[in-house]
Amino acid sequence: MSDGTYNFAYLDEQTKRMIRRSILKAVAIPGYQVPFASREMPMPYGWGTGGVQVTAGIIGPDDVLKVIDQGADDTTNAISIRKFFVRTTGVKTTEQTDEASIVQTRHRIPETALSDKQILVYQVPIPEPLRFLEPRETETRKMHALSEYGLMHVKLYEDIATHGHIATTYDYPVKVNGRYVTDPSPTPKFDNPKMDRMPALQLFGAGREKRIYAIPPYTEVKSLDFDDHPFEIQTWDAACALCNARDSFLDEVIIDDRGGRMFVCSDTDFCTARQAEGHVGPMAGTLPGSASEEVADGVG
Amino acid sequence: MYVAVKGGERAIENAHRLLDEERRGDPEIPEVTLDQIAGQLGLAVDRVMTEGSLHDRELAALAIKQARGDLIEAIFLLRAYRTTLPRFGYAEPIETADMSIQRRISATYKDLPGGQVLGPTFDYTHRLLDFQLAADGGTHPEPAAEAEPSDAPVPRVVDILNHEGLIEEERPEPAEASVGDLTRDPLTFPAGRDLRLQNLARGDEGFLLALGYSTQRGYGRTHPFAGEIRLGDVTVEFEPEELGFPVEIGEIAVTECQMINQFQGSAEVPPQFSRGYGLTFGHCERKAMAMALVDRSLRCREFGEEAGSPAQDEEFVLSHSDNVQSTGFVEHLKLPHYVDFQSELELVRKMRAAIDTPMKSAAE
């Protein structure tokens, strides 16, 4: 079904080999940012060109691909990237996390635990966790080489001194395999614990910044913290309005202009599966345009 | 109700249809052809080829048409297409001294071997809207007086200066193989001049223009003179591995700018002029000049000059010159950021709650 105008997965074979070499190096040095000769892709930088190149490098005809953005399969950019791969590879796609062999994601890790038969590909805008503390690449590379991460700890300490807690909610830095401080891509820190000893291979592609990094299966990933201020994830008072989940990341949806709002799972596959299993949230089954007022009062 | 984020697939398809309609415009009016774009919007084509790093007038014209005249979008289309082309090898360096000249001017000598050739330039036009052009699209311009074609060599101004040793020698790379290629290897810092020039050649005209301008206004002054600007066709040669000698594969039009800049001299080197270099496909004179200014500014360390201005900061300039990268990252803010924003929302509420509580207890 693929479009014969271009090579399988768009890129030529030499380019894909170059990407795979970078991936191998990245896997060998967990958390280390490997420079690679990122190509111009037919979607803009910032739309996931790094993730797309990594996926193009590893995908084969038998793979089953899932693409999510903000946790959802039906966001416009996820649809666009999925279509790109359908067009250039003809592979099977899925929305079900456990069916996929490759999951490409922007900003979330699926709620369903991944297995060692799966690869999670992250789209990364700024791969350098130290970038906002030190804009120069020459400096940050040196800091990584020397494991000189004091600046990051000072930043976290200053948060605590000012706010009483660490005021970083996403893009929360982690230390991989006890060595490299690494950027989880701007996933919410809610997802950080999922990275730790994940059975699936985690690959990170940053197209514009020309970096690939990786976290091999079952690797220790520790969110930076202090003994007296341990790492914490977000919690919600509400449950998902559709599937009643209390342990998933919830998006806030504004439902009227009077402050009414509801909370729903950001992971659409997780939510749909729970609803199919019979879990019922307070607003499940409400039809568009109906009953919004009563419910808004109930939740908001 | 909760319907806003659903239906993305149909929305995309409809957006694409709308875009096609907008691009076509009023169907009563004839569609613009690629020949018309290539022939009558030639400078737009030149810019798209230069920053798109692909010399193909037809494809550049197609990109401009498809991009509805948005040149950065057209550059992006061309770059994305370029990605899919196999790389056969590297051409021989072009020889601009052998250029068949359409335009050649020097601001440093009143007259010089080869002469001053104005060529097609806006420079001495009065910028008055020409309503004649609006009235009848089919104006037939009067042919310009043909200059007698001359085979006399047109030596480069910098080579003339070089005879006296007044300008720095061009330092060739130690081995040809060491010339970098940032489309094949990621840029690392510090970058050599080869990679800097390649980056600037692909860089955004507006960005380089502003940086070049800033050096003239005192942010890293380089005391430049436009030693020479030349526009014309040069032959491209390629050496196929199996032949063992170079063969001509075509001609391309290029604009070259050699800036001549002051250099005070140092303990090892007597005072002499230094160089800044600009080169583009087609006729992109503004870009070539700006590139030459920025090239010279970025050489500050080489000359032991004080370096504190933006145009002298290699990482700053090279990391932000590419408009396909810049536009992508700026515009990606349009993509959903619900999840990150949700996290920030929670944080701001938490921080506000922390402020509110002690204030309330103080009031009680």
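A:Ile81 counts as buried because 24 C-beta neighbours lie inside 10 Å, where a residue is buried if 20 or more other C-beta atoms, placed from the backbone, lie within 10 Å of its own, exposed if 12 or fewer, and partly exposed in between. This is a predicted model, in which local features need pLDDT of at least 70 and side-chain atom pairs count only at pLDDT 80 or more, while totals for chains, interfaces and linings use all residues. Residues are numbered from 1 along each chain as its sequence is written, and chains are lettered from A and ligands numbered from 1 in the order in which they are written.

A:Ile81 sits in helix α3 (residues 76-89) of chain A, helices (H or I, at least four residues) and strands (E, at least two) being DSSP runs numbered from the N terminus. Apart from its neighbours within four places in sequence, A:Ile81 is in contact with A:Gly48, A:Val52, A:Val67 and A:Gln104, contact meaning that the C-beta atoms of two residues, placed from the backbone, lie within 7 Å.

In chain B, α3(B) and helix α4 (residues 57-66) pack at an angle of about 105°, with their axes 9 Å apart; axes are lines fitted to C-alpha atoms, for helices over the stretch in contact, and angles run from 0 to 180 degrees between N-to-C directions. The two helices, α3(B) and α4(B), are therefore roughly perpendicular to each other, given that angles under 35 degrees count as roughly parallel, over 145 as roughly antiparallel, 65 to 115 as roughly perpendicular and the rest as oblique. To this contact α3(B) brings B:Ala44, B:Val45, B:Val48, B:Met49 and B:Gly52, and α4(B) brings B:Arg57, B:Ala60, B:Ala61, B:Ala63 and B:Ile64.

Chain B is divided into domain 1 (9-82) and domain 2 (96-120 + 152-168 + 186-326), with bounds that come from an automatic or database domain assignment. The C-alpha centres of domain 1 and domain 2 of chain B lie 29 Å apart, and each of these domains of chain B gives 13 residues to the contact. On the side of domain 1 of chain B that touches domain 2 of chain B, α3 (42-52) and α5 (71-83) of chain B each supply at least two residues, and the largest share, seven residues, comes from α3(B).

Between the chains, 42 residues of chain B are in contact with 52 residues of chain A. The largest share of the side of chain B that touches chain A, eleven residues, comes from α13(B).
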